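Here is a short report on one protein structure. Keep the 3D view open as you read.

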Amino acid sequence: MLRFAPSPNGPLHKGHALSLLANEAMAKALDTPMTVRMEDIDRSRARPHFEAAILDDIAWLGVAWQPPMRRQSEHFAAYEDALSRLRDADLIYPSFATRKEIAAAKATRWAGRDPDGAPRFAGDEAVIGPEETARRRAEDAPAAWRLRMDRALEAVGVQTFTEVDGLGGNPAQVATDPAAWGDVVLARKEVPTSYHLSVVVDDAAQAITHVVRGADLRPATAIHRLLQALLGLAAPAYHHHRLILCANGRKLSKSSGATSLAATRELQPDPAVMRTQLGYPTL
């Protein structure tokens with residue numbers, strides 16, 4: 001089973017179409033179903049009309065998928081269960097420093113940067129000081145939950161993952177470096193889970209055997225394999241496909257103002273043209 005898992009917080013663009021068609025190609029090569037999952041844990045940004053538009057774009061490209069569609073917003077209890085298991089094993093801890101405070105902390109307080117370029121967390125005390133940390137803890141202030149990276153690595157060690165080609169063949173074992181991420185957030189104050197936690201829980205719940213996604217998510221596989229090992233979840237094989245880049249060399253994205261598939265369809269309504277441009281002609 002494969003899954004195409006967009007976030008309904010904006011319209012799809014050509015980069016999403018590439019990922020969708022890459023999923024379709026592998027599913028057909030492996031003669032296995034593909035399903036659709038809406039990664040809508042951020043309820044402040046997810047919108048029903050974006051979800052409807054995504055399904056319309058999938059239909060326009062002629063990609064068949066197997067229902068039911070999973071919405072992450074309907075499975076917060078499953079993520080909380082996983083979080084509780086990690087909490088009971090003393091593998092996570094409450095963190096009171098806000099994202100704004102972490103970003104504002106002097107560079108000398110950072111433990112470097114994670115693979116996404118964000119400050120690698122060095123602990124609340126390094127950001128807001130020991131007194132403020134103690135005060136917020138005593139007041140049971142709202143907190144995010146972070147993975148204790150050192151204890152996690154002591155518990156299960158560094159994992160590898162299986163990378164396959166675009167048709168699911170030529171498997172190779174790839175080493176990971178989860179420590180490069182530091183103590184990653186697994187649940188936020190305003191959202192009771194995170195991408196990292198929910199994606200591994202979802203993939204296991206849906207019996208996903210192959211994950212096809214963009215090369216930008218390859219470094220995050222280190223965290224996903226670590227969480228799978230900690231939670232005793234099966235590990236799928238991975239294929240990280242090429243990205244479509246903007247003129248400035250950055251990944252095409254919603255935030256960069258990428259042209260939506262809906263707008264593209266108005267100019268060229270034949271989906272075969274899009275498929276050919278992306279290297280996935282109608283199968």
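## A right-handed unit

Strand β9, helix α9 (residues 221-231) and strand β10 form a right-handed β-α-β unit. Right-handed means this: with the strands pointing away from the viewer, the path from the first strand over the helix to the second runs clockwise. Helices (H or I, at least four residues) and strands (E, at least two) are DSSP runs, numbered from the N terminus.

The model is predicted: local features need pLDDT of at least 70, side-chain atom pairs count only at pLDDT 80 or more, and totals for chains, interfaces and linings use all residues. Residues are numbered from 1 along each chain as its sequence is written, and side-chain values use heavy atoms, leaving out hydrogens and water.

## Strands β9 and β10

β9 (residues 210-214) and β10 run parallel, joined by 5 bridges. Two strands pair if DSSP finds at least two bridges between them. Gly-214 has His-241 in β10 as its bridge partner.

Ala-237, His-239 and His-241 point one way. Tyr-238 and His-240 point the other way.

## An open sheet of 3 strands

Another topic is an open sheet of 3 strands, in the order β1-β2-β3, with parallel pairing. β1 (2-4) and β3 (70-71) stand at the edges, each with a single partner strand, so one side of each has no neighbour in the sheet.

β2 (residues 34-38) is joined to β3 by 2 bridges. Arg-37 has Arg-70 in β3 as its bridge partner.

Terms used. Buried means under 20% relative accessible area, exposed over 50%, partly exposed in between (1.4 Å probe, protein chains only).
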